[in-house]
Amino acid sequence: MASSSSSPAPPTLTSAYAAPPPTSISSQIASTTFTFPTYTSFPPFYTLQPNLTTRARQLTLWSNLLTTYCAHHRLFKLSLSFLPANLFANPSIHRTLSQPDIRTVLDHLALPANGGRVEWIPTSSRSEKPNSCWVYWRTPAEWADAIYGWVDETGQKGAVLTVYEIREGEAVQSQEWRGMDEELLRKVLSVLVKRGKAQIFGQEETAGVKFF
Amino acid sequence: MFLRQLDLTPALRPSLYDDETLLFVQDAVGLYEGKFKIANYQIGHVYLTSHRICYVDNVEPRTYSIAVNLKDVDHTEFYAGFLKSSAKITLFPKTPKNALRSPVPKYASPSDALVRPGNSPARSHAPSPAPAPARDINATWICPICGFSNAVPTNFDPATANQHTKLPACQACGIPPPLVHMVKAAIAAISNRPAHSSSKTGALSNGTNGRGSFDVSSANASDEIICPRCTFGNHASLSTCEICGASLTAMNNRHSQLIGDSIARPESPGPTLGGESIIGNDTIETIKFSFRAGGEKVMLERLNEALVQRKWLLQSAPPVPKPGLANTNGSISDLYSTPPPPQRVVGIAGLERRGAELRKNNQTVIGSAFEDLEALMTSAKEVIAMAEQFRSQNASSDSVTPEARALLTDSASALGLSTTRDMLGTGSSSETLYITELARNLAEFLTDDRRGVLRREGGIISLVDLWAVFNRLRNGIELVSPFDFEKAANMWETLHLPIRLRQFKSGLLVVQDRSRTDERTIAALLSWLRQLVPPQLSSDGFEQLPPAVPAGLGFGHGATAQETAERFSWSVGVAAEELEMAEDTGALCRDQSLDGTRYWENCFEDFVVALGLKVPSAASVEQMETDQIMKNLESMGF
C-alpha cells in the first residue's frame, strides 16, 4: 500500500526510530511515515569526519540510514541527480551532505568489506563516473533466498513463472520484492541460476523461469 | 662559616633580596670542606651576588642548596688547578671577636678546639656548639731536626701564641721547635679534623665519648679499629693502639676510614664527607668551591670586588646627604614614606605645594645623578626606587619618554633581573650556560604572578607571542634572538622547570604550564560543550533520546574556534589547534557548514552502540580510502 518508490512520504522528526533490522526476512508492512533516527539531527553527521575512527562510525551510521530508508520506501535504485529530498539532508538544522561526500559515502558502502550494500551501475562511457547505484537493503543473495523460499512455500517448484509475474503478479503483492526493478530481478534470478535452483529460458520480454 | 638554607625561585635560581644584585654565575662547581668533598653538593651552579655566594645543586636543587653570607667571609684563597685537581677558591670565615669568652659562641673557631679546659663554664651555657674533641690528641708536630713526631700540647692555642709562649722540647732530641712550626702543625691538625654535627650532640664532654651520631656512622663493620698512624687493626674496645700507642678515638678512626675509602676509589681525588646536613653546621670552618669547568679567575675577581664594596652594609647605611634640599628630609624614599608637610597648610594649596616639592626633588636627584656617573652609582638606590615607581605608573599610562625608558632599562639590568652575557665567563661552556640561565629567566618571567602573563592568555601562549612580550620588556637592551629563545625553550624539560613547550600537529609551538595536560584540556572542552543548548535547536524536542547519549538536553552545542578562544581566553590560533587536537583524540567531531566549522562532542560512538551496529576499524577505512584513490587514478588513466 505504500506508493511505488520514487516519492517518499515527508518524514517527521518524532520519537526514537523503530524500524525492523535489515537482516530479518519476515514480511512487514512498512509504516507510512519514516521516522528519522536521532543521529540525523546531529550536525556533524553531515560532515565527513577527518578522524578516521570517527569516520568509520559515521559511515556505519550512514549505511544504516540508507538501508533503512530504502527498505522503508522500497527504493532499489538511487540516482545522484534525483536524490530523495531528506535522505542526505536535514533542512531543519540546515545541513546537507555535499555531492562529493555523497559519492564517498556510496563508494564506501560499495565495498564488499562493508557489506556491499551499494553497487554502482556502470555508465555507457568509461570516463564518466556512474551516476546511479543499486541499494541492496537486501543483497541479491538474500533476495534469491527469499524468492526461492516463497516458491517453495507456495508449491510452485517445477512450475514456470514469468518474470513479470514474479515482479508484479497478484500473488506477490504481499511480498517484499514486489515492484522490484527488472534488472535487479534478473540479477537475483541469475544468482539462483548459478546455484542451480532455477532456469531462465525464452526471450527478454517473455522470459520464463522455472524453479527446481 | 655559617651555611644557610637557600630560597629558590620557581626556576631554581636563588631568590635575591631587594638590594641584592647578581654578579656572576658559574656551573660545574663542587663544594669542599677542608680537604673533603661534601657529598650531594658536587655538581651545581654557583651564583655570586653582592651579598652572598650561593650554591644550587643540579640534581636536587631544593634540598641541596646553600648560601654563605659575604659578611661572614674574612678572606679568600685561590688555588689554581693542577693536573686532575681543578681550581679552587677557599673562603675563610671571620672569627667572632668574643670567641673565647662568649657564653654563646656562634662559631667554633680554631681556638675553641684547643682551649677547652678554660672554657668549661662557658660551655655549659652553650646550646649548640660542638663539644669538639677538645684536645685534639692526635695533633702532632714533626721535629725539624730529628723527625720524631711529638704531640702538640693541649693548651697550645695558635691564635694567641707569641714568641713568649713556652714550647715543649722534642722528646727525642730535646730541642724546642720554632713557634711558626708549632702553629702550622696545630692548624694543619685542626683543618684535617673532620666536622661533626653540632646540634646533635648534647653531651658536653671531651675526649673520646659523646660524638653523637657521628660515632654511629663511623662504627666499624668489622669490629676492628684501624690505627691511624700505623694501620694496625686493633680490637674494638681498645683506646690506644697496641703497636704505636696512638689514640684510637672514634673521631680519628673516621678520619682514617675516609682516607681508606678515598684510596679505594681512584676516580675521585679527595675524600668525601658523609651524609649529614651541613646547613647550620657550626664546625665547618672553610668552604672551598671547586671549579670544574673554569671561570675561577673571573669569580675570584668579582668576589674580591664584592668583598671590598660591602654592599650589604648599604642597607643599614644612612642615606647619602643631598645638597640643596630645603627641608631636613634626607632622601626621596623618606619623603614618600613619611611626608610631613613643611608648613601645615591644608587643602589644595598644600597638595599643590607637596606636588611641587616632589617634582623639585625629582629634578634635583636626576640632575645630580646624571651629572656624574660616580654620583649615579652612589645614589643608585634612590634612582632605582624612583624607576620602579615610574615603571608602575607607566604600566598604567601610555606615555613613556625616552629618558624614562633608558632609566628603566638601566635599572632593570642593575636590579639583576636579567642575566646579561657579561655576567658569565668566556668560553664555549658559557653558551650553554647562557641558554640555561635564559631558560630560567623565562620560567621566572612566566610564573611571576605579578605580571600574570600566562593567566592573561588563559594558561597557554604561543612561543612567538611570548618572544614578543619578553623582548618588549627588555626595552632595547639585551634582546634575545629567536634562535636562542627556542633553544632556551627546549631546555625547560631537561631543567625540570614548571613550564613546558608543546608542539601541535601543525607545527605551532606553544608554552604552557607543566600541569596542563591534554586530558585536562579535553575534559574542560567537553564539559563546556555539554552545557549550553542553543535556542534554535531546542524547539525540535529532544525529550526521548536513546539512553546512550550522555547529554540530557540534546547534543550540547557546537563551538567555533572563535567562541572557544573567547571562552578560555586563548588566542584564536591556539584555540583552533586545541580543538583539532581534541578531534584527533576522538573526543570531538567537526561540523562544516556555510557558517564555518563547529566542533561538537563526539556522539557517534554512542549512536553506534545504541543501534548495535558493527563498525569497521579505522585502519580498514584508511585502506579503503587509499584503494579508492588508486582505483580512481587508474580509471583516469594514470
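Predicted model: local features only at pLDDT ≥ 70, side-chain atom pairs only at ≥ 80, totals over all residues.

Biologist: In chain A, in which helix is confidence highest?

Modeller: The score is pLDDT, the predictor's confidence in each residue, from 0 to 100. Its mean over chain A is 75, and 83% of the residues of chain A reach 70 or more. Over residues 1-31 of chain A, pLDDT stays under 50. Confidence is lowest in helix H4 (residues 163-168) of chain A, at a mean of 79, and the highest value, 86, belongs to helix H1 (residues 52-73) of chain A.

Biologist: How many helices and strands does chain B have?

Modeller: Helices (H or I, at least four residues) and strands (E, at least two) are DSSP runs, numbered from the N terminus. Counted in this way, the secondary structure of chain B comes to 21 helices and 19 strands.

Biologist: How many residues of strand S2 of chain B are buried?

Modeller: Buried means under 20% relative accessible area, exposed over 50%, and partly exposed in between (1.4 Å probe, protein chains only). For chain B, 43% of the 638 residues count as buried. Strand S2 (residues 22-33) of chain B is mostly covered, the buried residues numbering 10 of its 12.

Biologist: Which residue of S3(B) stands opposite B:Glu33?

Modeller: Two strands pair if DSSP finds at least two bridges between them. S2(B) pairs in the antiparallel sense with strand S4 (residues 44-49) of chain B over 5 bridges, and 5 bridges also join S2(B) to the antiparallel strand S14 (residues 287-291) of chain B. With strand S3 (residues 36-38) of chain B, S2(B) has 2 bridges and forms a hairpin with 2 residues between the strands. In S3(B), the residue opposite B:Glu33 is B:Phe36.

Biologist: Which helix packs on the sheet that contains S16 and S17 of chain B?

Modeller: The 3 strands of this open sheet follow the order S15-S17-S16 (chain B), with antiparallel pairing. Strand S15 (460-462) and strand S16 (499-503) of chain B each have a single partner strand, so one side of each is left without a neighbour in the sheet. Neighbouring strands are turned by 30° against each other on average, direction ignored, where axes are lines fitted to C-alpha atoms, for helices over the stretch in contact, and angles run from 0 to 180 degrees between N-to-C directions. Touching S16 and S17 of chain B, with a direction at about 110° to that of S16(B), the helix that packs on the sheet is H15 (residues 482-494) of chain B.

Biologist: What is the count of disulfides over all chains?

Modeller: A disulfide is a pair of cysteine sulfur atoms within 2.5 Å. The sulfur of B:Cys146 has its closest cysteine sulfur in B:Cys170, at 3.4 Å, which is too far for a bond. B:Cys146 is partly exposed at 38% relative accessibility, whereas B:Cys170 is buried at 4%. Over all chains, the count of disulfides is 0.

Biologist: Where does B:Thr231 lie?

Modeller: Most residues other than glycine have a negative phi. B:Thr231 is not a glycine, yet its phi is positive, at about 55°. With a relative accessibility of 57%, B:Thr231 counts as exposed. Its place is the loop between strand S11 (224-226) and strand S12 (233-235) of chain B.

Biologist: Is A:Arg74 buried or exposed?

Modeller: A:Arg74, which is not a glycine, has a positive phi of about 55°. This residue lies in the loop between H1 and strand S1 (77-79) of chain A. With a relative accessible area of 11%, A:Arg74 is buried.

Biologist: Which residues does A:Ser132 touch beyond four places in sequence?

Modeller: A:Ser132 belongs to strand S5 (residues 132-135) of chain A and counts as buried at 17% relative accessibility. Contact means heavy atoms within 4.5 Å. Not counting residues up to four places away in sequence, A:Ser132 touches A:Leu78, A:Ser79, A:Glu119, A:Trp120 and A:Ile121.

Definitions and conventions. Residues numbered from 1 in each chain as written. Chains lettered and ligands numbered in written order. Heavy atoms only, no water.
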